[in-house]
Amino acid sequence: MGKEIILAEPPLQQAPSLMQNGPASFGQSGAHKYFLAGLWQLHLYHDEGEIRLTNPEWFGDTTLIYPIRPGAVSFLPPDTHSEYHLSRPGSFYYAHLALNGSRGGVCVPVMQYLDHDRGEMERLFEEAIGLSATRGWRAEMKIWEFVCRLSERGGSRGPEAVGDHPAVARARQFIALRLDQPIGVPEIARAAGVSHCHLNRLFHAELAMPVKSYLTQQRMSRAHYLLTYSSQPIKSIAADVGIPDLHLFNKVVRRHFGAPPTLVQAGMVPKINEASPNVR
């Protein structure tokens, strides 16, 4: 049961309210039962043991059983009953959160285990603890970032969350940093450290589109924004989105939005999330 990935769906559309956080410990070995009404619980463990979780609303009639070890992180929905079993006294960091917004959209495993990123994640949690007494809003931002990073790790995908393969993540960052340059797929693949064909397969699996389509989509997203909100001339906008050939820019905009740049600029094209782009 402990090896099964059970996902919680926290509402992370807006910053959480951090009710309390800090270090804590189990002063003795044996079993410890805990229940917190109405709040999410985030724990980063430093010792070994086992945790048993029940929550009919979130887990049904199942009792989840997971091992605890240094670097383990649990993120528990409100009203979860926890039972800890430890062979010796142990310590952990905790944060209790009130989350606002609708449930779903992002998925976070109830239990996961940090590996190469453990040191960085621990520092982030420690920074939140250090800030909570004097700058609570900064502590909330740190914890929000911590939870968002948990959602981006393996096995944590939801309908609005993309858990990138490392090569896809490198490619997306490369594209984002060079969107104003006339880059091509071979160059992106080299930066991602994989072949052109393999990167396309990864993009199809992650994003349901090839690399070229993703690149075009990102260029057109920026073009729509600049055409709508800036006073830049169309030729300048074309250069800013990496398509300095004005004839080609007009062609791509027409294909993507069904209208030329002049009509997009005049506000006669639906908002970008209402359009039906053909990015192939």
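# A walk through the predicted chain

Start with Gln-41, which, beyond residues up to four places away in sequence, touches Tyr-34, Leu-36, Ser-74, Phe-75, Leu-76, Thr-80, Ala-95 and His-96. Contact means heavy atoms within 4.5 Å. Gln-41 sits in strand β4, residues 40-45. Its relative accessibility is 0%, so Gln-41 counts as buried. Here buried means under 20% relative accessible area, exposed means over 50%, and partly exposed lies in between (1.4 Å probe, protein chains only).

This is a predicted model: local features need pLDDT of at least 70, side-chain atom pairs count only at pLDDT 80 or more, and totals for chains, interfaces and linings use all residues. Residues are numbered from 1 along each chain as its sequence is written, and side-chain values use heavy atoms, with hydrogens and water left out.

Now the whole chain. Its secondary structure comes to 10 helices and 11 strands. Both are DSSP runs numbered from the N terminus: helices are H or I with at least four residues, strands are E with at least two. Of the 280 residues, 45% are buried. Take the contacts between residues at least 6 apart in sequence: 74% of them join residues at least 24 apart. The chain exposes about 14400 Å², and carbon and sulfur atoms supply 51% of that area. Accessible areas come from the Shrake-Rupley method with a 1.4 Å probe; for residues, only the protein chains shown count as cover.

Next, helix packing. Two packed helices are described by the angle between their axes and the distance between the axes. Axes are lines fitted to C-alpha atoms, for helices over the stretch in contact, and angles run from 0 to 180 degrees between N-to-C directions. Helix α2 (residues 118-131) and helix α3 (residues 136-152) pack at about 155°, with axes 7 Å apart. The two are therefore roughly antiparallel. The contact draws on both helices: α2 gives Glu-120, Met-121, Leu-124, Phe-125, Glu-127, Ala-128 and Leu-131, while α3 gives residues including Ala-139, Ile-143, Phe-146 and Leu-150. By type, the contact residues divide into 9 nonpolar, 1 polar and 6 charged. Ala, Val, Leu, Ile, Met, Phe, Trp, Tyr, Cys and Pro count as nonpolar, Asp, Glu, Lys and Arg as charged, and the others, Gly among them, as polar.

Helices α7 (residues 211-229) and α9 (residues 246-257) make another pair. Their axes come within 11 Å and cross at roughly 95°. α7 and α9 are therefore roughly perpendicular to each other. From α7 come Thr-216, Gln-217, Met-220, Ala-223 and His-224; they meet Phe-249, Val-252, Val-253, His-256 and Phe-257 in α9. This contact holds 6 nonpolar residues, 4 polar and no charged.

Another helix, α5 (residues 185-192), contains Ala-192. Ala-192 is buried, with a relative accessible area of 0%. Leaving aside neighbours within four places in sequence, Ala-192 is in contact with Ala-167, Arg-170, Ala-171 and Leu-199. Ala-192 and Pro-166 are 26 residues apart in sequence and 8.1 Å apart in space, C-alpha to C-alpha.

Finally, two loop residues. Asp-79 lies in the loop between β7 (72-76) and β8 (81-86). Its phi is near 65°, a positive value in a residue other than glycine. Asp-79 is partly exposed at 31% relative accessible area. Ala-208 is in the loop between α6 (196-207) and α7. Phi of Ala-208 is near 60°, also positive in a residue other than glycine. With a relative accessible area of 53%, Ala-208 is exposed.

Key:
Parallel < 35°, antiparallel > 145°, perpendicular 65-115°, else oblique.
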